[in-house]
Amino acid sequence: MHLGAKSDAGKKYSANRGNEIWESFAKVVEICEQKEINLLLISGDLFHRQPLLRELKEVDYLFAKLTKTKVVFIAGNHDYVKWNSYYRTFRWSKNVFPLLSDRLSCIEFPEYDTAVYGFSYYQREITERKYAKAEAWKKQKTEILLAHGGDEKHIPINRNELISLGYNYIALGHIHKPITIEKDKIVYAGALEPIDKNDVGEHGYIEGQIKNGIVTTRFVPFAVREYVHMCLEIDQTVTNMQLKEIIKTSIEKRGIKNIYKIILTGFRYADIEFDVSNIDPFGNILEITDKTKPAYRFEELKEKNKDNLLGKYIESMENCELDSLEYMALYEGVSALLETKKG
């Protein structure tokens, strides 16, 4: 969930981004109530940092409204159980079952023939492969593991090791993108809302059903916004004013609620420089990177520089194919010589 995250400070949309994440969380709780979901599972990083006491009270208020749903969660590397964490002393509502030990523990739900296992982080980084020895204890017919990690500094995870542990389902946390490790068996739900510019693509939650010990799952897109990396190819006819219109139209087509990182590619008119500092028609552009290159008029440059190195260089390579390695060498060589000439 990463409650308390403050994304992209200084941007127009960022002022309300923290509230949007809380609102998405509250809507998921409402869905649990509407659909009479039995278990709400949160695999770490409920908070983006150490939770404040008032924030735990807000979360528990939402959980307490659930009349059919049991909530089970663990603490991840962002909201790890610090020595003075409010997690240690907070008293949750009777339908909330945090697994906050640093060793594997479980909570049983006999009414569902299900046991849920997990342990929490007690420090930011754990390099030990702790899930390699986290076998199911065979407490109930259906057994679920909440696990958090997957990189070198946060409990390295091996797919085959997880499969061998004996769980019907493993709900993974830490990686922000939804990823299926083993269909209907081992799944990263991803962050409910994208947290930073690298969290591209759809975000949401996993909805699953257990029937006769068999789990089926589906990903449900849910995020208010999406980070989009958009490449726009520009040609030498495009002016600064036209570029603004191109960007505005492209964003309207993809969705004005999304957050954009825009990369400009292609060849621009040689004498123009794009001013990307004041292009943001909807207040949702995180950054614009200009990777366009000037479209040189080689014939004109050759004629103007026929008595110097630049002209002779163009003449030596002017018959190369447009998409060839030689053409790129021609282009880069001319760029370097023109920069030298300017100096």
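Predicted model: local features only at pLDDT ≥ 70, side-chain atom pairs only at ≥ 80, totals over all residues.
Since R17 belongs to helix 1 and E193 to the loop between strand 9 and strand 10, the pair ties together parts of the chain that lie 176 residues apart in sequence.

Across the whole structure, the search finds 18 salt bridges. Among them is the pairing of E226 with R254, whose side chains meet with an N to O distance of 3.4 Å. Here too distant parts of the chain are linked, as E226 is located in the loop between strand 11 and strand 12 (227-234) and R254 in helix 4 (residues 240-254), with 28 residues separating the two. R254 has a relative accessible area of 44% and is therefore partly exposed. A further salt bridge joins D184 to K183, the closest N and O atoms being 3.8 Å apart. In this pair D184 is buried, because its relative accessible area is 15%, whereas K183 is exposed, because the corresponding value is 64%.

The largest pocket has a volume of about 1200 Å³. It is lined by 50 residues, and those closest to its centre are L39, L40, L41, I206 and G208. At least two lining residues are supplied by each of helix 1 (17-35), strand 1 (39-43), strand 6 (142-148), strand 7 (169-173), strand 9 (186-188), strand 10 (204-211) and strand 11 (214-221). Of these elements, strand 10 gives the most to the lining, with eight residues. When the lining of the largest pocket is divided by class, 26 residues are nonpolar, 18 are polar and six are charged.

The second largest pocket has a volume of about 400 Å³. Its lining consists of 16 residues, of which A270, D271, P294, Y296 and L338 lie nearest the centre. Strand 13 (259-269), helix 5 and helix 7 (325-342) are the elements that give two or more residues to this lining, and helix 7 gives the most, with five residues. By class, the lining of the second largest pocket has seven nonpolar residues, one polar residue and eight charged residues.

Helix 5, which is one of the elements lining the second largest pocket, spans residues 298-304 and includes K302. With a relative accessibility of 17%, K302 falls under the 20% limit and so counts as buried. When neighbours within four places in sequence are left aside, K302 is in contact with G311, I314, E315 and E318.

How values were computed: Residues numbered from 1 in each chain as written. Heavy atoms only, no water. Helix = DSSP H or I, 4+ residues; strand = E, 2+ residues; numbered from the N terminus. Buried < 20%, exposed > 50% of the residue type's maximum accessible area, 1.4 Å probe, protein only. Contact = heavy atoms within 4.5 Å. 1 Å grid on protein atoms, 1.4 Å probe; cavity = no way out; pocket = protein on both sides within 12 Å on 5 of 7 lines; lining within 4 Å. Points joined across faces, edges and corners; volume = space filled by probe spheres on them. Nonpolar A, V, L, I, M, F, W, Y, C, P; charged D, E, K, R; others polar. Salt bridge = Lys/Arg side-chain N within 4 Å of Asp/Glu carboxyl O.
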